[in-house]
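I opened the model today and looked up a few things. My notes follow below.

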Amino acid sequence: TLFGKAYFLNVETSKNFTIENSATELRAYKNKKENYGYGLASSYFLLPNLQLKASYEHTFRLPTPTELLGNGINILPSPDLEAEESDNYNLGLGYNFSWKKDHKISVESNFIYRNTTNLIYGVVKGPTVTNTNLVESKTKGVEGSLNYSWKNMLRLGANVTYQKITDEADLVYNSFSAY
């Protein structure tokens, strides 16, 4: 499967701008962006019940309205947030089998690798939160699932995911400076 995605963001709000002598002025602000993603996913049956899956996606996550505009209480507006951009790689195996005609079990496991720029995260400053972008992060992880079904009347499932997300920026940031 080959696919493409289009992402459009159009924010119209107000923002405080610094003017002379460190004074601020509230002005109209527009943030308009277009991003295009794409990907490829494939699977192959190594055996009749054993499936190999692989995928790659170059994708974006647009900021949510609350991340951009705040909530009017403790989340401050961040109208100039950038969309998260990531390259996602997944590799997995799935196995399913039946016994006594009515019982079916499937087991699946996947390896996840994501290289992300502009990760959106919240910075806590006292009672308020401001959202900002982290320059670069990497995510490595695994996920697994186990599913059971009986006569198409009962389905039980469980899954587990482990992710290790690391900050890959060359600089350390705080609210005052980058060093």
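**Entry 1: Lys33 and Glu82**

I started with a salt bridge between the side chains of Lys33 and Glu82, at 2.8 Å from N to O. I count a salt bridge when a side-chain nitrogen of Lys or Arg is within 4 Å of a carboxyl oxygen of Asp or Glu. The pair links distant parts of the chain, 49 residues apart. Lys33 sits in strand E2 (residues 24-47). Glu82 sits in the loop between helix H1 (65-69) and strand E4 (84-99). Helices (H or I, at least four residues) and strands (E, at least two) are DSSP runs, numbered from the N terminus.

I then looked up the exposure of both partners. Lys33 is partly exposed, at 30% relative accessible area. Glu82 is partly exposed too, at 31%. My cut-offs are under 20% relative accessible area for buried, over 50% for exposed, and partly exposed in between (1.4 Å probe, protein chains only).

A note on the source: this is a predicted model, so I keep in mind that local features need pLDDT of at least 70 and side-chain atom pairs count only at pLDDT 80 or more, while totals for chains, interfaces and linings use all residues. Residues are numbered from 1 along each chain as its sequence is written, and side-chain values use heavy atoms, with hydrogens and water left out.

**Entry 2: other salt bridges**

How many salt bridges does the rule give? The count comes to eight. I looked at two others by name. Arg61 and Glu67 meet through their side chains at 3.1 Å, N to O. Arg61 is partly exposed at 30% relative accessibility, whereas Glu67 is buried at 14%. Which residues are linked in a network of salt bridges? I found Arg61, Glu67 and Glu84 in one.

Glu136 and Lys138 also form a salt bridge, at 3.2 Å from N to O. Glu136 is partly exposed, with a relative accessible area of 25%.

**Entry 3: Leu81**

Next I went to Leu81, in the loop between H1 and E4. Is Leu81 buried or exposed? Leu81 is buried, with a relative accessible area of 3%. I listed its contacts (heavy atoms within 4.5 Å). Leaving aside neighbours within four places in sequence, Leu81 is in contact with Asn31, Pro63, Glu67, Leu68, Ile120, Asn131, Thr132 and Asn133. Glu67, one of these contacts, is also the salt-bridge partner of Arg61. From C-alpha to C-alpha, Leu81 and Lys32 are 11 Å apart in space and 49 residues apart in sequence.

**Entry 4: Ile73**

Ile73 is found in the loop between H1 and E4. Ile73 counts as exposed, at 71% relative accessibility. I checked one distance here.

**Entry 5: Thr116**

I picked Thr116 in strand E5 (residues 103-125). Thr116 is buried at 6% relative accessibility. Which residues does Thr116 touch? Not counting residues up to four places away in sequence, I noted Glu84, Glu85, Ser86, Val135, Glu136 and Ser137. Among them, Glu84 belongs to the salt-bridge network, and Glu136 pairs with Lys138.

**Entry 6: Lys100 and Lys101**

I looked up the backbone of two lysines. Lys100 has a positive phi of about 50 degrees although it is not a glycine. Lys101 has a positive phi near 65 degrees. Lys100 lies in the loop between E4 and E5, and Lys101 is in the loop between E4 and E5 as well. Lys100 is exposed at 69% relative accessibility. Lys101 is exposed at 75%.

**Entry 7: the whole chain**

Last, I stepped back to the chain. The protein chain has one helix and seven strands. The order from the N terminus on is β-β-β-α-β-β-β-β. The radius of gyration is 22 Å, well over the 16 Å from the globule rule for 179 residues, so the chain is more spread out than a compact globule. This radius is taken over C-alpha atoms, and the rule is 2.2 Å times the number of residues to the power 0.38. Along the principal axes, the C-alpha atoms fill a box of roughly 80 × 30 × 30 Å. Buried residues make up 24% of the 179 residues.
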